[in-house]
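Welcome to this structure. Here are a few notes to read alongside it, one point at a time.

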Amino acid sequence: MTASRNTNEQVQQVLLTTLVLNIIVAISKIMLGWLTGALAITADGVHSLTDGAGNIAGLVGNHYAGRPADDNHPYGHKRFESLAALLIGALLLLTAWEMGQGVLDRLSANIPPQITTLTIGVLVVTLVINIAVATYQTRAGERLKSQILLADAKNTQADVFVTLAVIISSMTVAFTGWVWVDLVAALVVVVLIGRAAWEILQQTGLVLVDTAPYEADELNKMVMDVPADIVRARSRGTRDAPHIDIDVRVPPEMTTDQTHSIAYAIRQQVAAQVGEVQEVEVHFVPHHPYGRDAVLTARAYADARGLSTHEVQLLHDERGCVLEMHVEVAPELTLVEAHTLVSDLESDIVEALDHVDNVVTHIEPQHTAPILEQTAVRKKEAQQLQTAAHALLVSTYPDADWHDLTVRPLPHGYALSLHTTLAPCMTVDAAHTVAENAETLLRSHIEPLQRVIIHTEPFDHD
């Protein structure tokens, strides 16, 4: 069971419980108002009955809102919840109108209500139920982040004040005989219901017309730690479950892997600060205000031809501006085929980069990682190489922490990967020099090692 489905089921349970309680309260008040002739009590009972209708609307809306996205609703069915909340607000508004009409009709009748101790007792019981329901719905709505429950809770909170007004008016009529107090209380009920209806309609309407739950500045602050040039940030939906769109300017030479990493980082930052997010859509816009980046351009054109590159660097010497790069080609190609392929790549790069005078490439076979069987002999030899490499590093660089050594077989030798921790204040250039020297040391003293990969990291100085 998914988390979304489990949440919808919990919302359904809350609405069902509330529906039963609202029906009990509504029937009690309507019967009491009919027996006593108190207009305010009858109006309050009709209001509670409308609450039950709102619960039913909420149940239907929540049922559809919990459905997964499909071909007709690719963004999901969350708006059904907003429609249900809108219906609750509309029912409240209709109730207020009908009650207002009842007050006007009663003005000419001037029939005094019959208020008894039982009347007050029943109203107090319904008041306690309303308070319990409002508290229950509010807590559940905040916990489950349900727009329906929060809207219905606001409706029930209005019931509390309505019932209080009815109790006060009923007691006043019972002790003073002032019939007009019942009419004033009924008008107060109408105003309170109308206010609750307006708040629900306003809040739900903002969602339905795509009012931004988060301002652009808020969204920019959320992702300010991501090194990205954001040109536009938008949002719609609710604050607890928004849809967010962010446009980022990137160099046109940037690869899909690189843009994917930026998008992933943005989504992680937003989710960490917002919580549940319906969707974070990141759009990329090509942009190069200072001209094309030579290194990124070279890699992009190589990717387009299915070639791998490394050690791409831009140099300035007597030849002018020179781009040097290593290009990996399929090892089964002939030298003529490989040279033709790489020459075409060089032409692409020179044509794309006006400031580059020459491109120098080093052709090498693409390294593959064949699956090699680890025989008992090779396992033993790999373990011996690992022990020898660790001893050599510790004796030569005692201040560094060499760990996580792993030796794996290659077709004609072995590859060693390891980690080392260095001083946190050391520069990247100095750390790279240590790693290069260590690699040279290992390969010169341990002949079977054909490849050495060293990962440098700072000491934990907390």
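Does Ser 235 count as buried or exposed? The first point below takes this up.

1. This is a predicted model, in which local features need pLDDT of at least 70 and side-chain atom pairs count only at pLDDT 80 or more, while totals for chains, interfaces and linings use all residues. Residues are numbered from 1 along each chain as its sequence is written, and side-chain values use heavy atoms, with hydrogens and water left out. Now to the question: Ser 235 counts as buried, because its relative accessibility is 9% (buried is under 20% relative accessible area, exposed over 50%, partly exposed in between, with a 1.4 Å probe and protein chains only).

2. Where does Ser 235 sit? Ser 235 belongs to strand S1, residues 229–238 (strands are DSSP runs of E with at least two residues, helices are runs of H or I with at least four, and both are numbered from the N terminus). A polar atom of the Ser 235 side chain lies 2.9 Å from the backbone oxygen of Tyr 214. Neighbours within four places in sequence aside, Ser 235 is in contact with Ala 212, Pro 213, Tyr 214, Leu 219, His 243 and Ile 244 (contact means heavy atoms within 4.5 Å).

3. Next, a helix with several partners. In H9 (residues 294–304), the buried residues are Ala 294, Leu 296, Thr 297, Ala 298 and Ala 302. They pack against helix H8 (256–274), strand S4 (308–317), strand S5 (320–329) and H10. After H9 comes Gly 306, with a positive phi near 75°.

4. How do H9 and H10 meet? The axes of H9 and H10 (residues 335–352) come within 10 Å and cross at roughly 140° (axes are lines fitted to C-alpha atoms, for helices over the stretch in contact, and angles run from 0 to 180 degrees between N-to-C directions). The two helices are therefore oblique to each other (under 35 degrees is roughly parallel, over 145 roughly antiparallel, 65 to 115 roughly perpendicular and the rest oblique). On the H9 side the contact is made by Thr 297, Ala 298, Tyr 301 and Ala 302, and on the H10 side by Leu 345, Asp 348, Ile 349 and Ala 352.

5. Ala 389, Leu 392, Leu 393 and Thr 396 of H11 meet Ala 438, Leu 441, Leu 442 and His 445 of H12.

Notes. Polar contact = N/O pair within 3.5 Å; in protein donor to acceptor, adjacent residues only side chain to side chain.
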